[in-house]
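Subject: Structure handover

Hi,

Here is the structure I promised to pass on.

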Amino acid sequence: MTAPAVGPVIVGVDGSPSSADAVTLGGWAATTLETPLVVAAVHPAPSAIGSGRVDAEWISDRRAAAERALDDARALPSPAAEYRVIASSSAAHGLHDLAEELGAALIAVGSAAAAPSSRTFAGSTAERLLAGSVCPVAVAPAGMPTPPGALGRIGVAYVDTPDGRAALATAARLAARTGTPLRLVTVVAHGDAARPFLLGSDAERAFLDTARESYEEALQRAAESVPGTPVEWELRSGDVVESLAEMDDVDVLFCGSRGYGPARRVLLGGVSARLLHRARRPVVVVPRAA
């Protein structure tokens with residue numbers, strides 16, 4: 001048996017229906033990684049005395065609401081967990097600080113109230129976490145109809161960059177524990193988005209043929225870089241976000257952060273930001289490579 005992952009899986013709950021989705025996703029991740037599960041609810045911290053001072057009665061009410069959110073979470077099916085109430089300036093700040101304190105393996109949150117059924121929709125807490133988290137951040141779709149682990153395949157939105165390879169490495173560690181295959185998918189944008197400016201039709205076809213060969217070679221190399229785990233790979237053509245968002249045959253879909261910014265931090269790129277507002281399956285965004 002492989003050694004347990006370093007640090008727990010943290011689940012953020014707020015008493016909304018999406019909290020159940022987050023607990024389901026986080027519980028599966030903690031069980032798979034053989035690491036502790038910490039369920040946390042955040043309430044506002046008292047401000048320093050001054051113009052920003054917050055009414056003590058309101059603070060007490062928000063703490064009570066956080067306690068109720070934890071009581072609701074305790075009633076949900078999940079592995080054994082530690083439950084924490086945290087005081088912080090915001091839910092995202094509190095979860096981020098907890099992740100740093102505990103060296104978390106993953107933070108799982110649910111979608112916003114506006115999320116369509118069975119789709120992800122990153123709310124304000126998720127978006128703030130996804131702007132600098134020190135560990136991967138997972139967003140569960142609303143009302144997740146198929147629990148993670150039921151489909152037996154882990155997806156990776158793969159690009160041959162350091163951050164794409166970081167996403168693959170993180171997904172591969174999870175796949176090694178589940179004993180299920182990986183599916184690597186690269187989507188080539190079609191039409192004008194896929195070709196250099198001012199190419200003629202013959203040159204365009206040659207360019208696209210060369211690009212396809214390059215992408216296929218990169219996918220093949222990526223598949224061969226994961227020993228001991230079955231790896232499928234697929235090259236698609238079309239709208240990148242739409243194609244990835246419609247993937248509904250994987251337990252979770254991993255993607256990398258954008259290609260610039262501080263290392264070892266989650267940073268949303270153009271694709272991942274839009275994907276988190278429409279994916280059918282849980283999306284995990286992995287911090288930038290060092």
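This is a predicted model: local features need pLDDT of at least 70, side-chain atom pairs count only at pLDDT 80 or more; totals for chains, interfaces and linings use all residues.

Let's start with a salt bridge: Arg-74 pairs with Asp-71, and their closest N and O atoms are 2.9 Å apart. Both sit in helix α2 (residues 56-74), and because they are three residues apart, about one helical turn separates them.

Another joins Arg-236 to Glu-234, with 3.0 Å between the closest N and O atoms. Here Arg-236 counts as buried, because its relative accessibility is 18% and the cut-off for buried is under 20%. Glu-234 is partly exposed at 28%.

Then there's Arg-280, whose side chain meets that of Glu-246 at 2.9 Å, N to O. This one ties together distant parts of the chain: Arg-280 lies in the loop between α8 and β10, Glu-246 in the loop between α7 and β9, and they are 34 residues apart. Arg-280 is partly exposed at 31%, as is Glu-246 at 30%. Some salt bridges also share partners, and in this way Arg-153, Arg-183, Glu-232 and Asp-249 end up in one network.

Now for the inside. Of the 290 residues in the protein chain, 47% are buried. The largest nonpolar core has 44 residues, and Val-13, Leu-182 and Phe-254 have the most contacts inside it. There's a second, separate core of 32 residues, with Ala-40 and Cys-135 among them.

Cys-135 also turns up next to Ala-99, which touches Ile-10, Ala-104, Ile-107 and Val-134 as well, leaving aside residues up to four places away in sequence. Ala-99 belongs to helix α3 (residues 91-102) and is buried, at 1% relative accessibility.

Which part of the structure largely encloses α1? The rest of it does, since 13 of the 16 residues of α1 are buried. This helix covers residues 18-33 and reaches 23 Å from first C-alpha to last, close to the 22 Å expected.

Cheers

Conventions
Residues are numbered from 1 along each chain as its sequence is written. Side-chain values use heavy atoms; hydrogens and water are left out. Buried means under 20% relative accessible area, exposed over 50%, partly exposed in between (1.4 Å probe, protein chains only). Helices (H or I, at least four residues) and strands (E, at least two) are DSSP runs, numbered from the N terminus. The expected span of a helix is 1.5 Å times one less than its number of residues. A nonpolar core is a set of buried Ala, Val, Leu, Ile, Met, Phe, Trp, Tyr and Cys residues joined through side-chain atoms within 4.5 Å. Contact means heavy atoms within 4.5 Å. A salt bridge is a side-chain nitrogen of Lys or Arg within 4 Å of a carboxyl oxygen of Asp or Glu.
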